[in-house]
Amino acid sequence: YDGWNDYSFKSKSFEEIPLAYVFSIPLQKITWYYTTPVFLAKAEDYLQQHYVKHDLKTTVYEDYNKASIIWKQRWLEICEIGKEKNFDTIITIQPVLGVGQKKLSSFEQASLIKYVNLNETTYFFTLLKNDLNELNGKCPKTADLTDAFDTTPDAIFVDSGHMADSGNAIIGEKLFQLAEPIVTKKMENKN
């Protein structure tokens, strides 16, 4: 379940942490690695000390392109590790305010105007959707959930990426529907 944190994290350059290193860390210590932005945070800290900053407007789309490439590569690596270690990965792109066809409530509309750069959001999530299409077939399951609220007239978003309980319930149901066949098959194979 990914996308919003990757979108909200802007970096001028990217220094990667080898995924093999991450998987050598005991699982209880790995929680802070769970999204691409965290992988990039160490590089960002270094770059803030050593990098001459340029105008963000000239580099923001380039940053999104780089983030998209790294996002896809990380998921490909995780899917490969899943094959090696016998676990399945379900990759989804989360719904965010302004992506999808949801009819927005007045609160959501005000939030969209106040907090969301729709051009940048649309651009980045289009990149992720294209990446997700490339991951399909290379990973056990992928799904674009950006349209999960398209038929929900009620307010769902409490800000540009977080949802109220009703939104969490919808996403929980969709994630269950994605996971159930995989879990059922694994359980049948064990018996």
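Modeller: Keep in mind that this is a predicted model. A place to begin is Cys79 and Cys139, which are both buried.

Biologist: What makes Cys79 and Cys139 a disulfide?

Modeller: Their sulfur atoms are 2.0 Å apart. The cut-off for a disulfide is a pair of cysteine sulfur atoms within 2.5 Å, so Cys79 and Cys139 form one. The structure holds one disulfide.

Biologist: Why is the disulfide of Cys79 and Cys139 called right-handed?

Modeller: The torsion about its S-S bond is about 110°, so the disulfide is right-handed.

Biologist: Which parts of the chain does the pair link?

Modeller: Distant ones: Cys79 is in helix 4, while Cys139 is in the loop between helix 6 and strand 2, 60 residues apart.

Biologist: Helix 6 also holds Asp131. Why does Asp131 count as buried?

Modeller: Its relative accessibility is 5%. Buried means under 20%, so Asp131 counts as buried.

Biologist: Which residues does Asp131 touch, not counting those up to four places away in sequence?

Modeller: Ser68, Ile69, Trp71 and Lys72. The C-alpha atoms of Asp131 and Lys72 are separated by 5.9 Å, although these residues are 59 apart along the chain.

Biologist: Which residues touch the most other members of the largest nonpolar core?

Modeller: Trp71, Ile91, Phe124 and Phe125, out of 18 residues in that core. Helix 4, strand 1 and helix 6 each give two or more residues to this core, and helix 4 supplies the largest share, seven residues. A second, separate core has 12 residues, including Phe149 and Leu178.

Definitions and conventions:
Residues numbered from 1 in each chain as written. Predicted model: local features only at pLDDT ≥ 70, side-chain atom pairs only at ≥ 80, totals over all residues. Heavy atoms only, no water. Core = buried A, V, L, I, M, F, W, Y, C linked by side-chain atoms within 4.5 Å. Buried < 20%, exposed > 50% of the residue type's maximum accessible area, 1.4 Å probe, protein only. Helix = DSSP H or I, 4+ residues; strand = E, 2+ residues; numbered from the N terminus. Contact = heavy atoms within 4.5 Å.
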